[in-house]
Each structure stands twice: as structure tokens, then as C-alpha cells.
Amino acid sequence: MLLVFPRGRDALDQAGGTIARLVDSGSSAAVLTADADTAAEAGLWAMGARSHAMTGSDARAAVAAAFDAQQATAIVVPALGPGQESGDAAALVAAAVAEASARHLPVYLAVTGRMPAGKRLIAVDVSDQLDAKGDALAALPGVSVRERTVSFADQEPHLLGATEQFVMIGGGHAEAEQPPSTANRIGAAVLGFVVGAIFGAMATVAHQSTIQLGPLTIPWGLILGLLGITALLVGLRLVLHDRVTVLFTALGVLVAIFVLSLRSTGGSVLIPEGALGLAWTMGPALIAAVVIAWPRLPARPAPRA
């Protein structure tokens with residue numbers, strides 16, 4: 001983990017517990033700051049974190065060097081306060097976000113106030129690291145820690161919380177889609193066949209229904225049946241992205257239609273000869289062929305923050 005904070009004391013205040021927890025769990029953490037701060041560096045080193053101050057004016061190069069030295073797999077940046085929206089602090093944070101995005105690594109924002117809208121909060125339990133964090137903060141000039149209340153000379157006092165909060169604001173790869181197992185695909189195919197057969201049977205019974213509107217005879221049963229089959233197969237194709245399940249669902253519909261088209265022992269048929277019967281026999285097969293054969297559209301890449 002690489003933490004890029006303009007000031008080392010802010011790294012201790014906003015993410016000191018997380019740093020200590022990473023070190024306690026056997027991981028490593030490094031902090032890159034804009035300016036050298038001996039007291040803050042001592043606190044970070046005491047927690048087991050590496051501390052580096054940016055040298056030179058090329059913030060992007062400094063961040064890249066810190067990434068390579070740490071072999072970081074994620075980055076944490078702070079929410080910039082008033083007066084930090086421009087200048088070296090903003091340049092360093094912007095360079096860190098740009099470098100992480102170029103390396104396809106996740107970027108986390110340390111949240112101390114209002115959480116950005118639409119973001120999922122990640123809370124890290126640092127209750128076991130509060131003492132180490134409090135000791136590191138108390139060693140800073142102009143900072144006092146009493147009963148877990150931290151007072152800075154230029155900030156309002158605040159409590160040391162048992163959790164530190166972060167939100168992911170960009171970078172990283174989307175998790176690879178895991179293909180369904182063979183058992184799941186077989187189960188989905190069987191279920192699709194049953195659903196298709198039930199739907200085909202119900203629609204076959206109703207496909208001859210018509211309504212008279214003046215001189216027009218509207219075959220509402222046939223229309224609703226074909227629309228329902230289209231919606232069923234297209235919906236499965238869009239949701240499951242699996243032609244096998246759609247194929248077996250279509251087979252269930254077609255088998256039900258075929259069975260119900262046979263003449264019963266009493267001589268009755270549910271699909272009589274004529275235009276409606278022909279449309280109901282051929283329509284579902286054509287719809288199924290188009291839906292199954294339709295090419296899969298590539299997923300649109302998610303925009304990066």
C-alpha cells in the first residue's frame with residue numbers, strides 16, 4: 001500500500017491506524033509526502049511504515065519511483081482541505097491518481113467528513129491500533145492527545161475513532177466474470193426447459209382467442225403469446241448471456257407446442273389448421289432462432305474516475 005499525503009501528520013491522523021494494522025498483519029505500507037517532516041516521519045517509522053519526502057519538482061516521477069520501491073498494489077490519497085486545491089499538494093495528489101490509473105491500480109480516498117455521493121464506504125477497524133496511533137500523533141509538535149481527543153494547533157479537536165474510512169474513487173480492473181459451473185448450467189437448462197414448456201402450453205391454449213373490433217378480427221391470444229415468448233427468450237439472453245439456457249427454454253416452448261398440436265384420442269386438436277395455427281406453429285421457432293443466433297454485444301468498458 002502506498003499512501004500519498006502532502007503532509008505526513010495528515011497521513012498519521014487520517015490513516016495511521018490502517019498503516020499500523022497493515023504492518024501488524026505482515027503487509028507493508030509506505031507514505032510519500034510533499035515536504036519532509038522529521039516528527040511525522042519518526043511516527044510513521046515507529047509504526048513500521050516507510051516514509052519518503054518528494055524530491056525535485058516532478059510529482060509524477062516521485063510517485064512512480066515510490067510505486068516501484070514499494071511495489072504497491074493500491075494507493076490512498078487524502079481529501080484536500082481548504083487552501084490545498086491548488087499548488088504542490090494538489091499536484092502531488094493528482095499525480096498519484098494519474099499514476100495509479102495508468103498502472104490499473106485502485107485508488108482510495110481517506111474520508112474524514114462527508115462521503116462522496118454514490119460511493120461505497122470501506123471501514124477499517126483500527127481499535128487495536130489506537131494506542132500506537134495516539135502515541136505517534138502526540139509526538140508531533142503542536143499536537144496533544146488526551147483521552148483519545150486529538151487537538152491540533154490549527155484545527156478543531158476531534159476524537160480518535162475505532163474505524164478509519166475510505167472510498168474507492170478510481171483505477172483498478174473490474175473483477176473478472178467467473179463462468180458458471182457445469183452443474184449450474186445444467187440446472188439452468190433444465191429449469192429453462194420446464195419454464196418454456198409451461199409457457200408454451202399456456203400460450204397454446206390461448207393462441208386462438210380473438211376479439212372483434214368492427215370489421216377487424218384481432219388475434220390477441222396469438223399476439224400476446226408471440227410477444228411473451230420474445231420477451232422471455234430475449235430477457236434470458238440479456239441477463240444470463242448464455243445461449244444454452246435460452247436454447248433449452250426455446251425447446252421447452254416448441255416441444256409443448258408440438259405435443260399439443262397432436263390430435264387427442266377424442267379427435268380434438270388445440271392447434272387447428274388455418275392462419276392462426278400456422279402462425280403459432282412457425283412463429284415461436286423463428287423467434288427462437290433469431291434470439292439464439294443474435295451475436296453477443298461486447299460489454300462497454302466502465303469509465304475511469
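Predicted model: local features only at pLDDT ≥ 70, side-chain atom pairs only at ≥ 80, totals over all residues.
In strand β3, Ala53 is the bridge partner of Thr33, and the pairing of β2 with β3 (residues 50-53) runs in the parallel sense over four bridges.

**Strands around β2**
- β2 also pairs with β1, again in the parallel sense but over three bridges, and Val31 of β2 is the bridge partner of Leu3.
- The unit formed by β1, α1 and β2 is a right-handed β-α-β unit.
- In a regular strand, side chains alternate between the two faces of the sheet.

**Nonpolar cores**
- The largest nonpolar core has 30 residues, and those with the most contacts inside it are Leu3, Leu12, Ile19, Val76, Leu137, Leu140 and Phe166.
- Two or more residues of this core come from each of α1 (8-24), α2 (38-47), β5 (107-111), α5 (130-138) and β8 (149-152), with α1 giving the largest share, six residues.
- Ile19, apart from its neighbours within four places in sequence, is in contact with Leu3, Ala11, Ala29, Val31, Leu44, Met47 and Ala49.
- A second, separate core has 24 residues, including Leu2, Val4, Ala66 and Val77.

**Helix α4**
- Helix α4 (residues 88-102) has 15 residues, so at 1.5 Å a residue it should span 21 Å, which agrees with the 21 Å between its end C-alpha atoms.
- The buried residues of α4 are Ala89, Ala90, Leu92, Val93, Ala95, Ala96, Glu99, Ala100 and Ser101, and what covers them includes β1 (2-4), β2 (30-33), α3 (59-70), β4 (75-78) and β5.
- His104 follows α4 and has a positive phi, near 60°.

**Annotated transmembrane regions**
- An unreviewed UniProt entry places the feature "transmembrane region" at residues 186-206, 218-239, 244-262 and 274-294.
- In the model, residues 218-239 are 91% helix and 5% strand, with end C-alpha atoms 32 Å apart.
- Residues 244-262 are 95% helix and 0% strand, and the end C-alpha atoms of this span lie 27 Å apart.

Key: Residues numbered from 1 in each chain as written. Heavy atoms only, no water. UniProt positions renumbered as here; feature names shortened; annotations may be inferred. Core = buried A, V, L, I, M, F, W, Y, C linked by side-chain atoms within 4.5 Å. Buried < 20%, exposed > 50% of the residue type's maximum accessible area, 1.4 Å probe, protein only. Contact = heavy atoms within 4.5 Å. Expected span 1.5 Å × (residues − 1). Pairing = 2+ DSSP bridges. Right-handed = clockwise from strand over helix to strand, strands pointing away.
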